[in-house]
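Me: I am new to this structure and would like to go through it step by step. Could you please show it first?
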Amino acid sequence: MDNLRIDTEVLVIGGGGAGLIAAVEARKKGAEVLILCKKDTGKSGCTPYAVTNLTYSTPDSEQELFRQMVEVGGYLNNQKILDVFVREVADTIPGLKQYGVPLTIADGSHYHLENYPNGPQKNLPGIYNVVPGPGRPLSFNLTLPLLETAQKLGVEVLDHVLATRILVTEGCAVGAIALNLKTGQLLVISAKAVIIATGGCARIYERSDNPVGLTGDGFYLGFQAGADLVNMEFMAFNPLKITPQVIDMIKSGKPNEELMGVGRAHYSLGGILVDTRAESTLKNLFAAGEVADGLLGAARLGATALADAIVFGTIAGREAGTRVTRVSRNDVLLKDVAEERERIEGLSQGGEASSAELQKEVKSVMWRYAGMAKNEQSLSEAHEKLTQLKAIQMKVSSDIPSEIGQAIEAHLMACVGEMIVVSSLQRRETRGQFWRLDYPLSDNVNCLFNVVISRHGDVIETRRKNVVMTRMRTPSVQPLVGCGCFNYLKPFEKGKDKEG
Ligand SMILES: Cc1cc2nc3c(=O)[nH]c(=O)nc-3n(C[C@H](O)[C@H](O)[C@H](O)COP(=O)(O)OP(=O)(O)OC[C@H]3O[C@@H](n4cnc5c(N)ncnc54)[C@H](O)[C@@H]3O)c2cc1C
């Protein structure tokens, strides 16, 4: 494995919606920008496979969008970040047209009504649809025009390159290490600011509707670098088919194996904790899109994920692009590079399991013990099993770079699973998309907090953080959701929540 050194100013990791818009905006501020993508930029991640509905607001509906997102989020959203979102989304989404994204206003009110626990509302926020463009699959119409714009502006793109570690010097992100999945070369990239835009982790579960590759890499990268992560216990599961039996099951609070088979892991609600400028708790490390959190709480409205990726991708790009002129370049530490090389080589020294077997095992553990419905015992079992899986060495042909890449993914999937499980053990209630069989009700008295995790040596440290509330401070006394993973159904009667 030889090293190749690359210097840039803004390094963007991930070639989906958030990464592309961040790259465009950073470049427009005059920064040199490089995108790294482990597959094909513009054609990988969830963005090109989405249904392509994007929410937006107008001055009339801003307040209503805010209210719905807080109610659906179970009052765990950071309301300062939400405030920025409902204001910025009004211009940012229609603004995509300047980059050639074909958009039309659609009647998306059903999205909101289905989600909203308290029935129909007036002044609903609107939805834009991406519409077909010349000779392209529908959803590529969001990413490919952004990619073309980025390249016209002079953004560099390196595909089939897997970022494995964020480099940190004196408490600041200063670049990343990445593996070229075609040549096996290790890239050492120095940058003045780094933006993580690697999407979510739904593919660490046995069943998922996400495309291949959504293994939570950015959670691992941010966590290892020392950034805080928040709300990692909240994973959205989509049932493919809602039947009266499914509704009866939820009402009874008892999962039925056969019916639970309709579920698929869909969306990571938690992620790298960011502020209103999309900056993480580590200086010069930004995060945007599904990998970041603050905006959402325990669940989200339909059509807000793409809008989130575009709004905070824009903010991250502008902020990072402006910041670089004020940041002097700290050099990367050679010892970090040596350490990472050793770690990667160590994953595959003399092991017996293949990376495919390890990935399969992680997915099975996550689905069985930490999936749609869970309790203290199943989560503790998951924790124990993931701890063992994390330590497994794999059988890898060291001359096949893609195999090394799969081994790196297998290891980080076990680590991300552990982050989810450790966070889930902290939440003793059911809220939003989080269904605890042993605590079936929402508990506004004891559980109105965000779970924050950070790295302490090799251990995950957890703490409970007060929720940032500005406009809405009193949680609904009606059941906030009460039906766990199936919460985007219209609400129905279920036991009373504790008031608080
Ligand atoms: C079937 C489906 C339909 C959906 N429909 C909608 C919808 O209609 N409206 C809506 O709002 N939301 C929808 N969503 C959710 C939405 O698509 C995603 O939340 C959003 O696209 C995430 O964008 P992103 O840029 O954060 O990540 P992604 O688009 O997932 O991109 C992540 C990128 O990071 C790259 N990457 C990952 N790890 C690494 C690494 N280690 N090194 C380098 N590159 C890496 C990937 O290859 C990819 O290019 C849908 C999701 C699915 C699965």
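**A first walk through the model**

Reply: Glu170 lies in the loop between S8 and S9; helices (H or I, at least four residues) and strands (E, at least two) are DSSP runs, numbered from the N terminus. This is a predicted model, in which local features need pLDDT of at least 70 and side-chain atom pairs count only at pLDDT 80 or more, while totals for chains, interfaces and linings use all residues. Residues are numbered from 1 along each chain as its sequence is written.

Me: Is Glu170 buried or exposed?

Reply: Glu170 counts as exposed because it has 8 C-beta neighbours inside 10 Å. A residue is buried if 20 or more other C-beta atoms lie within 10 Å of its own, exposed if 12 or fewer, and partly exposed in between, with C-beta atoms placed from the backbone.

Me: And Asn284, buried or exposed?

Reply: Asn284 has 24 C-beta neighbours inside 10 Å, so it counts as buried. Asn284 is in the loop between strand S15 (271–273) and strand S16 (285–287), and its phi is positive as well, near 65°.

Me: Stepping back, how many helices and strands are in the chain?

Reply: The chain has 13 helices and 21 strands. Of its 500 residues, 55% are buried.

Me: On to the core: which residues touch the most other members?

Reply: In the largest nonpolar core, of 154 residues, they are Val10, Val12, Val194, Ile195 and Ala288. Such a core is a set of buried Ala, Val, Leu, Ile, Met, Phe, Trp, Tyr and Cys residues joined through C-beta atoms within 7 Å. Helix H13 (residues 401–426) provides the largest share of this core, 12 residues.

Me: What is Val12 in contact with?

Reply: Leaving aside neighbours within four places in sequence, the contacts of Val12 include Gly19, Ala22, Val33, Ile35 and Ile195. Two residues are in contact if their C-beta atoms, placed from the backbone, lie within 7 Å.

Me: Changing topic, what is the strand order in the open sheet of 5 strands?

Reply: The order is S17-S15-S12-S20-S21, with mixed pairing; two strands pair if DSSP finds at least two bridges between them. Strand S17 (292–293) and strand S21 (459–466) stand at the edges, each with a single partner strand, so one side of each has no neighbour in the sheet.

Me: In what sense do S20 and S21 pair?

Reply: Strand S20 (residues 449–456) and S21 pair in the antiparallel sense, over 8 bridges. Ser454 has Glu461 in S21 as its bridge partner.
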